[in-house]
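Notebook open, structure loaded. I want to jot down a few things I looked up, one spot at a time.

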Amino acid sequence: MKEIVSTKLLKEILKQYYQSLYQDSQNPHQKVAWCSSVGPSEILISIGFKVYFPENHGALLGATRESNKYISIANAMGYSPEICSYLTSDVGAFIKKETPLTKAYGIPSIPEPDVLVYSTNQCREIQDWFLFYSREYNVPAFGVFPPWKIDELTEEQIGFVEKQFKSLINSLEKITGKKLDIDRLKEVVSLSGEASKLWRKFLETAKNSPSPITFFDGCIHMAPVVMLRGTNIAVEYYKALNEEIAKRVDGKVGAIEKENLRFYWEGMPVWGKLRFFSELFSKFNTCVVASTYCNSWIFDNFSSENPLRSLAEGYTQIFINRSETKKEALLKEMIDEYKVDGIVFHDAKTCPNNSNSRFGLPQRMIKKFGIPYLIINGDLNDLRCFSEEQTITAVESFVEQIIESKKEIRG
Ligand code: SF4
């Protein structure tokens with residue numbers, strides 16, 4: 001990967017976030033909430049909670065390749081190897097009282113929650129994950145349950161989620177003893193929207209040819225929009241990052257040496273193999289220019305004018321929560337906009353929710369739009385489900401197949 005200089009700043013920001021979160025969690029007057037990654041963190045911030053994201057911890061366990069050491073512990077407790085490996089690795093690390101945050105940021109332990117808040121907009125497993133901690137810490141867990149697998153989003157559906165947010169706010173106010181400050185919510189939602197727009201701008205630089213960034217850069221630089229949206233820190237970070245990448249665009253500097261093919265990555269990353277994939281595609285002069293995963297934190301509609309409703313809309317319309325028909329249309333849009341030659345579907349063994357190759361979508365994409373696809377078997381965290389050898393062979397033959405068919409078209 002061509003180095004992005006802003007990564008240094010990113011590391012500093014994350015260090016400060018975790019260290020201050022841990023310190024604040026030691027203050028008995030400061031309440032801490034755990035939130036799902038596409039959960040309503042803006043509401044939590046506005047009520048005065050410090051927010052921690054267990055999924056990011058799960059990704060860190062995967063990226064540091066610590067996860068397999070912990071998955072078996074959760075398996076032994078009755079959590080199946082077939083279920084979300086973020087959950088099993090996180091639960092196993094909790095039982096062992098270990099965290100990669102100690103080595104990375106010098107934090108002795110994860111911050112303890114006063115409340116857990118999740119949304120099933122992403123999956124149903126998140127509820128079981130958070131309920132585990134609710135039992136362990138003896139604190140309440142509140143869920144938001146948006147309608148699932150929606151086609152076109154209706155006013156009624158948005159209203160249904162907004163109503164749940166209002167009831168969530170009532171419950172949270174009882175924990176802090178403070179009322180939600182609507183002006184603060186407006187400010188937080190506006191900052192969230194701004195960070196999200198800047199995040200979109202970063203991702204969209206990949207529409208250039210050569211692309212100045214890859215999907216794997218996206219996986220690293222998404223941390224602020226996941227964990228720090230609603231703050232100025234995320235906004236300022238993405239301004240700096242975009243400034244750096246704009247220079248690459250101006251100079252026509254590609255993220256990989258010689259961009260010959262452009263791929264779309266569908267599904268979760270294989271966290272422990274980011275470098276492996278980055279080098280593998282680069283070897284074949286292929287840039288992975290776009291993904292469903294990184295796009296999940298683009299919330300165009302967030303607005304201070306109608307903050308709760310815009311949160312309800314944004315968090316319900318995410319890709320993972322759409323019907324197969326809608327997913328097909330959204331993918332086609334991306335393929336056209338990013339001028340993609342093929343789609344790589346990652347079929348993550350333990351995350352059927354974010355693996356979109358199981359209901360004929362790849363086959364429909366090639367049949368209807370002529371877009372070739374490759375399905376890679378793997379997992380987000382459980383590396384027992386992933387084979388480097390098989391993946392290399394599969395990617396190599398996929399690349400050859402596309403190059404051959406391009407030659408045929410050119411005659
Ligand atoms: S979406 Fe997948 S990875 Fe994320 S919590 Fe749900 S099952 Fe786990």
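This is a predicted model: local features need pLDDT of at least 70, side-chain atom pairs count only at pLDDT 80 or more; totals for chains, interfaces and linings use all residues.

I found H29 in the loop that runs between α1 (7-25) and β1 (32-35).

Next, the helix pair α4 (residues 67-76) and α5 (residues 85-96). How are α4 and α5 oriented to each other? I got an angle of about 85 degrees, with the axes 7 Å apart. The two are therefore roughly perpendicular, since 65 to 115 degrees counts as such. On the α4 side I noted S67, Y70, I71, I73, A74 and N75, which meet S85, T88, S89, V91, G92, A93, I95 and K96 of α5. Sorted by class, that contact has 7 nonpolar, 6 polar and 1 charged residues.

Then the ligand. I listed C84, Y86, Q122, C123, M268, C351, N353 and L380 around it. This shell comes to 6 nonpolar and 2 polar residues, with no charged ones.

Last, α13 (residues 274-283). Which residues of α13 are buried? I wrote down L274, F276, F277, S278, L280 and F281. The buried residues of α13 pack against several elements, including the strands β5 (261-266) and β6 (286-291) and the helix α18 (388-410). Just past the end of α13, I noticed N285 with a positive phi of about 55 degrees.

Conventions: Residues are numbered from 1 along each chain as its sequence is written. Side-chain values use heavy atoms; hydrogens and water are left out. Buried means under 20% relative accessible area, exposed over 50%, partly exposed in between (1.4 Å probe, protein chains only). Helices (H or I, at least four residues) and strands (E, at least two) are DSSP runs, numbered from the N terminus. Contact means heavy atoms within 4.5 Å. Axes are lines fitted to C-alpha atoms, for helices over the stretch in contact, and angles run from 0 to 180 degrees between N-to-C directions. Angles under 35 degrees count as roughly parallel, over 145 as roughly antiparallel, 65 to 115 as roughly perpendicular and the rest as oblique. Ala, Val, Leu, Ile, Met, Phe, Trp, Tyr, Cys and Pro count as nonpolar, Asp, Glu, Lys and Arg as charged, and the others, Gly among them, as polar. A residue is near a molecule or strand if one of its heavy atoms lies within 4 Å of it.
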